[in-house]
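Colleague: Before I set anything up with this chain, I would like to go through it with you, one question at a time. Could you take me from the overall picture down to individual side chains?

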Amino acid sequence: MRFWKIHSGALMRKSLAIATVLSVFIIWKTFQNMQNGVGPGPGTITFPVQSCRGINTNKDSSIISPRIMFFNSSATVNKRVLILSKRTVVIVRDLLPILEGKRILYEIHHLAGGDKDLLPSLTEQDRGKYVAIIFTSFSYYFGLSLWNRHLLDNYCHAFGVGMILFNLGESSGTSPSTEWFPFKIYTSALQFQLYHVAKNATILRLVKGNNVLDSEGKFDQHKWSIFVPRSGTNFIQDFEVIATSNFNDETIENKIGISDDPKGFPVVIHDLGKRDNIHRVYFGAGLTFWPHKLLFLDALSFVSQHKLAKALDRWIQVDIDDIFVGRTGIRMKKDDVKAMIITQRTLQKLVPGFQLNLGFSGKYFEHGSADENEGDRELVENASEFRWFDHMWAHKQPHKVDNLEAMKQQMMLNMEFAKKHNIPVDTSYSVAPHHSGVYPVYDILYEAWRETTGVQVTSTEEYPHLKQAWRRRGFIYHDVMVLPRQTCGLFTHNLFLEEYPGGKEVLLKSIYGGELFQVIVTNPVNIFMTHLSNYGNDRLALYTFTNVIKFIQCWTNLRLMSLPPLELGKKYFELFPGEMEPVWHHPCKDPRHKEIWPTWKSCNRLPSFLIIGPQKTGTTALHMFLSVHPDVRQNNQNEKSYEETQFFASVNYYKGLGWYMNNFPDVPENSSTLLFEKTANYFDSMKAPMRMHALLPDAKIIVILNDPVRRAYSWYQHMRSHDNEAACNVGFFDLLTSHVNASAPVKSLRGRCLVPGLYAEHLERWMLHFSAVQGTGRKKKDS
């Protein structure tokens with residue numbers, strides 16, 4: 001019995017010791033998981049993480065090349081890219097999002113093939129028109145007629161312009177018929193295994209060299225062209241290898257006639273320009289392979305002599321909408337809040353100034369389960385850890401609020417809640433629920449912001465449209481800076497990794513080189529929308545941003561940082577001052593916009609056709625004749641400009657879409673009545689065609705043309721009748737022949753006499769936006 005007691009006690013002590021060790025281990029492991037932004041959570045899952053891998057530089061020396069430059073750096077060239085392609089080439093669809101996202105101007109010229117090709121004009125006076133040339137297939141370049149190729153090469157040499165050439169699935173085993181291209185091309189659909197980026201490749205700027213991408217056994221097949229050095233050539237003297245790849249096809253060496261076991265096959269190469277002083281970068285795969293998107297940007301920067309190089313600074317802001325909002329079961333708990341704080345501290349080491357930005361609706365505080373209410377209280381107790389912004393007291397969508405006082409009350413109730421719970425709100429920034437009222441603009445929202453919290457910055461994903469994401473831009477309206485907001489693949493219903501729409505691989509692909517990764521690469525200012533529910537459950541947001549930021553720093557030289565919203569807004573428009581002016585679009589043409597457009601506002605208060613001028617050609621008479629038609633109604637008259645709204649070509653444009661629509665009567669939905677307006681100075685306005693097409697893409701345009709000399713004299717006499725000082729003191733002939741040193745009033749009058757009469761120039765601008773079938777022209781006959 002005593003023996004049993006002794007051993008029983010020893011067993012109990014051992015068991016206690018083991019339990020203690022296990023407890024310590026579990027606590028330690030939990031803390032480690034939380035440091036990674038992923039706690040054990042209700043579902044306890046293991047999140048995959050893709051790490052950086054470097055190459056042993058001792059084995060990589062064969063693809064290191066010296067930096068050699070042969071550019072003519074003194075030439076003057078426009079910052080525009082020329083894309084030479086054929087009409088049905090798919091890669092163009094991959095190119096345009098990159099160029100448009102980077103705000104790089106481009107022109108597409110379609111090739112017919114061989115001797116039929118006509119190249120576009122390459123110069124404009126003494127300037128080069130294009131700073132880089134892109135061929136969507138290098139066979140298009142080598143297939144040019146000898147004359148065209150010499151013409152293009154001479155242009156590139158004279159203006160220091162380089163080329164980028166892609167693979168379009170050229171026939172395997174072929175080689176361009178030129179002695180200076182020492183490669184055969186092997187093309188096949190292949191599964192890459194290890195993809196290597198050279199350590200010190202000449203073109204690298206954005207991309208970190210000496211990097212490896214491992215397929216890790218995942219299926220990722222692409223159409224590859226491998227550049228196989230021809231026997232007896234020493235290509236290293238004239239070319240450098242930017243990237244190589246190994247493939248899973250074990251028979252590939254025999255297929256392409258290489259008997260040894262190469263470390264990797266060249267898939268991106270750079271002609272150093274030693275032969276003709278022209279740099280050419282060849283891509284052996286398209287832009288669907290994500291590392292090539294990065295290398296393409298570096299190649300574009302390099303061949304343009306860095307004229308197209310963009311700064312490597314990136315500002316990141318992560319908004320969490322719907323704080324305290326959400327049904328029971330999807331809200332955060334106490335441990336989720338702690339995980340947020342720990343992850344934020346981790347990210348602050350990677351992104352200086354980083355702080356999560358919480359948008360709250362105070363009405364729903366403590367409206368969850370007991371555990372979730374504890375999470376709400378934990379958030380409030382740690383409020384100083386985060387930035388906070390108003391997200392409407394009852395999460396009310398502004399377009400559903402029909403008066404200013406009710407809108408202001410929503411904001412003030414939220415501010416009172418914040419004051420009661422000592423929440424430090426950044427009143428300079430706010431986001432409306434569902435982006436309602438921000439764009440399409442709802443003036444009451446902007447007025448309420450101004451009169452309550454003094455909001456100066458907001459953000460939306462709806463301007464000009466949700467899709468395409470790379471075209472999102474900012475604008476300023478009523479002194480509020482509206483910044484473009486990006487999605488990150490996480491929405492209110494994304495709670496668990498294993499239940500992610502399309503499978504978890506969709507999210508992982510977005511993080512590791514895919515959409516989310518590319519958004520940060522493309523945009524210097526990134527404001528991301530996330531939701532409360534993304535931080536509970538599997539804490540997908542913490543995992544997503546921790547890993548995409550680490551992967552960005554693994555593969556790129558981008559400098560990540562963060563700023564408070566007001567400073568971020570100023571930074572955005574410092575980078576893009578040309579985006580300050582908004583462009584109004586039809587609020588009912590986009591289904592998403594129509595959903596957040598007040599139901600009591602009619603889209604029928606917009607004109608079907610417009611008389612655009614020019615002045616002194618009979619536009620007023622035509623306006624009067626049309627106005628008496630029973631099925632045609634004009635805009636309301638005003639004291640300042642009489643029958644003209646002067647919306648698209650004056651400061652009236654900044655009064656907003658609501659102001660313009662209020663100038664027209666409301667007509668029934670299915671009425672046959674047509675609305676129209678006449679403003680004669682639209683014709684020669686630089687901005688009116690673009691603005692009008694954005695808002696009224698289907699409108700008909702009426703132009704009346706008179707003899708431009710008679711039109712000029714008529715305007716001169718019109719100004720004399722209004723006692724214009726210059727017109728009264730200077731004769732018509734003297735006005736037209738006045739010297740450049742003439743007084744400002746004389747110059748202004750001379751311009752208004754002559755400029756509207758440059759009919760061809762103005763008509764060409766209008767026809768860039770409106771087709772010929774939308775325009776009606778009348779020549780005014782002499783009386």
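**Fold, confidence and side-chain pairs**

Modeller: Among contacts in the protein chain between residues at least 6 apart in sequence, 79% join residues at least 24 apart. This is a predicted model, and its protein chain holds 23 helices and 27 strands.

Colleague: What share of the residues of the protein chain counts as buried?

Modeller: A residue counts as buried when its relative accessible area is under 20%. Applied to the 783 residues of the protein chain, that criterion gives a buried share of 55%.

Colleague: How confident is the predictor, and over which residues is the pLDDT below 50?

Modeller: For the protein chain the mean pLDDT is 88, and 86% of the residues reach 70 or more. One stretch with pLDDT below 50 has 26 contacts in the model beyond near neighbours in sequence, and it covers residues 33-44. Another stretch, with 30 contacts beyond four places in sequence, stays under 50 over residues 54-67.

Colleague: Turning to the rings, how many aromatic pairs does the structure hold, and which geometry does the pair of phenylalanine 389 and tyrosine 429 have?

Modeller: The structure holds 64 aromatic pairs. For phenylalanine 389 and tyrosine 429, the ring centres are 5.2 Å apart and the planes make an angle of 75°. Because planes over 60 degrees apart count as edge-to-face, the pair of phenylalanine 389 and tyrosine 429 is classed as edge-to-face.

Colleague: Which parts of the chain does the pair of phenylalanine 475 and tryptophan 584 link, and how many residues apart are they?

Modeller: This aromatic pair is edge-to-face, with 6.3 Å from centre to centre and 80° between the planes. Phenylalanine 475 is in strand β18 (residues 475-477), whereas tryptophan 584 is in the loop between α14 (565-575) and α15 (591-595). Phenylalanine 475 is buried at a relative accessible area of 0%, and tryptophan 584 is buried at 1%. The pair thus links distant parts of the chain, 109 residues apart.

Colleague: Which arginines lie over the face of a ring?

Modeller: Over the face of phenylalanine 576, at 3.8 Å from the ring centre, lies arginine 103. Over the face of tyrosine 653, at 4.1 Å from the ring centre, lies arginine 691.

Colleague: What surrounds serine 430, and which side chain joins it in a polar contact?

Modeller: Serine 430 lies in strand β16 and is buried, its relative accessible area being 2%. Not counting residues up to four places away in sequence, serine 430 touches Phe389, Asp390, Trp449, Val455, Val457, Thr458 and Ser459. Serine 430 and glycine 454, 24 residues apart in sequence, are 9.7 Å apart in space, C-alpha to C-alpha. The polar contact of 3.4 Å joins the side chain of serine 430 to that of tryptophan 449.

Colleague: How many disulfides does a search of the whole structure find, and why is the one of cysteine 588 and cysteine 603 assigned its handedness?

Modeller: The search finds 1 disulfide, formed by cysteine 588 and cysteine 603 with their sulfur atoms 1.6 Å apart. Cysteine 588 lies in the loop between α14 and α15 and cysteine 603 in the loop between α15 and β23 (609-613), so the pair ties together parts 15 residues apart in sequence. The torsion about the S-S bond of cysteine 588 and cysteine 603 is about 60°, so the disulfide is right-handed.

Colleague: Is cysteine 588 buried or partly exposed, and what about cysteine 603?

Modeller: Since buried means under 20% relative accessible area, cysteine 603 at 15% is buried. Cysteine 588, with a relative accessible area of 21%, is partly exposed.

Colleague: Finally, where is isoleucine 226 found, and what separates its C-alpha atom from that of glycine 264?

Modeller: Isoleucine 226 is found in strand β9 (residues 221-229) and counts as buried at 0% relative accessibility. Isoleucine 226 and glycine 264 are 38 residues apart along the chain, and the separation of their C-alpha atoms is 9.9 Å.

Conventions:
Residues numbered from 1 in each chain as written. Heavy atoms only, no water. pLDDT = per-residue confidence, 0-100. Contact = heavy atoms within 4.5 Å. Phe/Tyr/Trp six-rings, centres within 6.5 Å; stacked < 30°, edge-to-face > 60°. Helix = DSSP H or I, 4+ residues; strand = E, 2+ residues; numbered from the N terminus. Buried < 20%, exposed > 50% of the residue type's maximum accessible area, 1.4 Å probe, protein only. Lys NZ or Arg CZ within 6 Å of the ring centre and 35° of its normal. Polar contact = N/O pair within 3.5 Å; in protein donor to acceptor, adjacent residues only side chain to side chain. Disulfide = S-S within 2.5 Å.
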